[in-house]
Amino acid sequence: MLSRVVLSVAAAAAPNLKNAALLGPGVLQAKRIFHTGKPRLAPVPPLPEYGGKVRLGLIPEEFFQFLYPKTGVTGPYMLGTGLILYFLSKEIYVITPETFSSLSVIGLLVFVIKKYGASIGEFIDKINEQKIAQLEERKQGAIKQIQDAIDLEKSQQALVQKRHYFFDVQRNNIAMALEVTYRERLHRVYKEVKNRLDYHISVQNMMHRKEQEHMISWVEKQVIQGISAQQEKESIAKCIADLKLLAKQAQAQPVM
């Protein structure tokens, strides 16, 4: 029952404590966990990058602002002092040597934080910036790689959409190859037919030439056989007489 009261009070105070450095996120988280709805569907508020204003190095300013309307300005300090005195008087907390050691350590920590906190914070911020830069570089590389993959996929999809052009080109190439093969075979048939026709023409020409030679030789042979010895003597004598006549005519003509 008491836990429900505490949670209801914390839920009512959450709008005023949502910017607190330490208490605000814890209260919001507790409210989210014990909410009756589905926590996995609830939006997670982003954590603040810088802490809110605090007093005494620990207590958030919103806590004081929450108590001011009810207790006044000194109320939070009196509440804290009363709680400490109550714990000490009832011996809920007993002061031991460890208390002084803790106070010394806390004082030393406060001194170190006040003295070197800024430089340490700058060093840590520098390391965080380097890590963030490395992560950003990896992120940009991954984004570029994914973008390249998307562009490649889009180009492949564009090629797939234009695949009918590829099929048309393939069909045209096959048709051209068939046409070239057909024409080559026609040319081969033409050459074979021409060669055979040239062979037959050569054979016929040779036979005509042989027949003509045979006919000429046969006619010469028959003519020679048909001339007798008397006719041969007469033709020789006639030829001699013709030659003499030609010689006399040549001598009778005057020299120019």
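A residue counts as buried when its relative accessible area is under 20%, as exposed when that area is over 50%, and as partly exposed in between. In this predicted model, Asp 198 has a relative accessibility of 32%, so Asp 198 is partly exposed. Its salt-bridge partner is Lys 194, with the closest N and O atoms 3.1 Å apart. Lys 194 is also partly exposed, at 40%. An α-helix has 3.6 residues a turn, so residues three or four places apart point the same way.

Helix H6, residues 163-226, holds another such pair, Arg 183 and Glu 179, again four residues apart. Their closest N and O atoms are 3.0 Å apart in a salt bridge. Arg 183 is exposed at 55%, whereas Glu 179 is partly exposed at 36%. The whole structure contains five salt bridges.

One of these links Glu 61 with Arg 55, at 2.7 Å from N to O. Glu 61 is buried, with 11% relative accessibility, while Arg 55 is partly exposed at 22%. Glu 61 belongs to helix H3, where Glu 62, Phe 64 and Leu 67 are buried too.

Helix H3 (residues 61-71) meets helix H4 (residues 75-89), their axes coming within 8 Å and crossing at roughly 100°. The two helices are therefore roughly perpendicular. Among the contact residues are Phe 63, Phe 64 and Leu 67 of H3, and Pro 76 and Tyr 77 of H4. By class, this contact comprises seven nonpolar and two polar residues, with no charged ones. Just after H3, Gly 72 adopts a positive phi of about 90°.

Note on methods. Residues numbered from 1 in each chain as written. Predicted model: local features only at pLDDT ≥ 70, side-chain atom pairs only at ≥ 80, totals over all residues. Heavy atoms only, no water. Axes fitted to C-alpha atoms, helices over the stretch in contact; angles between N-to-C directions. Parallel < 35°, antiparallel > 145°, perpendicular 65-115°, else oblique. Contact = heavy atoms within 4.5 Å. Nonpolar A, V, L, I, M, F, W, Y, C, P; charged D, E, K, R; others polar. Buried < 20%, exposed > 50% of the residue type's maximum accessible area, 1.4 Å probe, protein only. Salt bridge = Lys/Arg side-chain N within 4 Å of Asp/Glu carboxyl O.
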